[in-house]
Amino acid sequence: IRDRFYPMAQTAEAYYMGNTLAPPNEEVLWSLGLQVLAALHAVHNAGAAVNTLDPSRVLLTERGTRARISGAAVADVLRPEVQAGAADPAACASPTPPDLTPPPHPRQVRKPLPIQQSDDLAALARLLISLATQQRTAAEPQVLNKSMAYINATFSPDFGHFLLLCLSGGTERPPTVHDAVALVSGRMMTQYAQTQWHEQALRAEMYKEMENLSLIHISEPTR
């Protein structure tokens with residue numbers, strides 16, 4: 001497990017639900033959601049799943065404008081699960097005298113990877129619903145319809161359609177990250193262009209400072 005330190009980072013839960021900040025507007029929600037979706041796209045294309053996506057696992061930096069997933073794959077390391085349909089290594093070992101001592105933590109069967117990845121998309125939708133309402137329980141099944149009614153009345157239809165797609169994992173054909181990316185491809189291109197513009201502005205300022213420093217000659221004092 002590798003760690004990385006982000007100074008002054010806060011979880012999405014602490015940033016938007018643990019203080020008196022106003023709820024994030026739709027532009028902020030799209031920005032954070034697309035950043036997390038891009039991360040899911042990279043993870044899913046690598047043949048894995050995040051499995052730990054909730055407001056307490058998403059770090060916000062740069063005054064809440066940049067999202068980073070925390071604790072990815074930790075559950076895979078800590079939980080003694082096996083892939084569905086895979087052979088148990090213990091069962092393939094050479095015969096040994098039976099051990100009648102019950103194991104302290106019986107091995108569980110992990111969900112198939114497509115279902116795990118579909119659960120990641122549903123977790124992203126629940127994350128955005130919780131941020132939009134500033135209530136961690138807003139995406140619970142018993143209040144989900146009420147939360148979606150609030151979102152449909154407050155935000156654009158595109159935002160509601162994106163959430164419904166991510167939440168449709170219980171259907172016969174669960175959505176994939178590629179389905180989600182295709183639905184919001186226009187917004188992702190807009191955000192990419194904004195990121196490029198921001199990076200170019202930072203580079204321009206950095207080069208100006210470098211040029212200013214090159215004009216100053218600091219000679220070592222003679223002794």
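Trainee: Which residues in H2 are buried?
Mentor: In H2 the buried residues are Glu26, Leu29, Trp30, Ser31, Leu32, Gly33, Leu34, Gln35, Val36, Leu37, Leu40 and His44. Buried means under 20% relative accessible area, exposed over 50%, and partly exposed in between, with a 1.4 Å probe and protein chains only. This is a predicted model: local features need pLDDT of at least 70, side-chain atom pairs count only at pLDDT 80 or more, and totals for chains, interfaces and linings use all residues. Residues are numbered from 1 along each chain as its sequence is written, and side-chain values use heavy atoms, without hydrogens and water.

Trainee: Why is Met8 called exposed?
Mentor: Its relative accessible area is 81%, and the cut-off for exposed is over 50%, so the word applies. Met8 lies in the segment before E1, and its phi is positive, near 65°, in a residue other than glycine.

Trainee: What makes E2 and E3 a pair?
Mentor: Two strands pair if DSSP finds at least two bridges between them. E2 and E3 have 4 bridges in the antiparallel sense, so they qualify. Leu59 stands opposite Arg68 in E3. H2 packs on the sheet, touching E2 and E3, and its direction makes about 35° with that of E3. Such angles run from 0 to 180 degrees between N-to-C directions, with axes fitted to C-alpha atoms, for helices over the stretch in contact.

Trainee: Which residues touch the most other members of the largest nonpolar core?
Mentor: Among its 36 residues, they are Leu37, Leu124, Phe162 and Leu163. H4 gives the most to this core, with 9 residues. A nonpolar core is a set of buried Ala, Val, Leu, Ile, Met, Phe, Trp, Tyr and Cys residues joined through side-chain atoms within 4.5 Å.

Trainee: What is Phe162 in contact with, leaving aside neighbours within four places in sequence?
Mentor: Its partners are Trp30, Leu37, Leu124, Leu128, Ala180, Leu183 and Val184. They count because contact means heavy atoms within 4.5 Å.

Key. Helix = DSSP H or I, 4+ residues; strand = E, 2+ residues; numbered from the N terminus.
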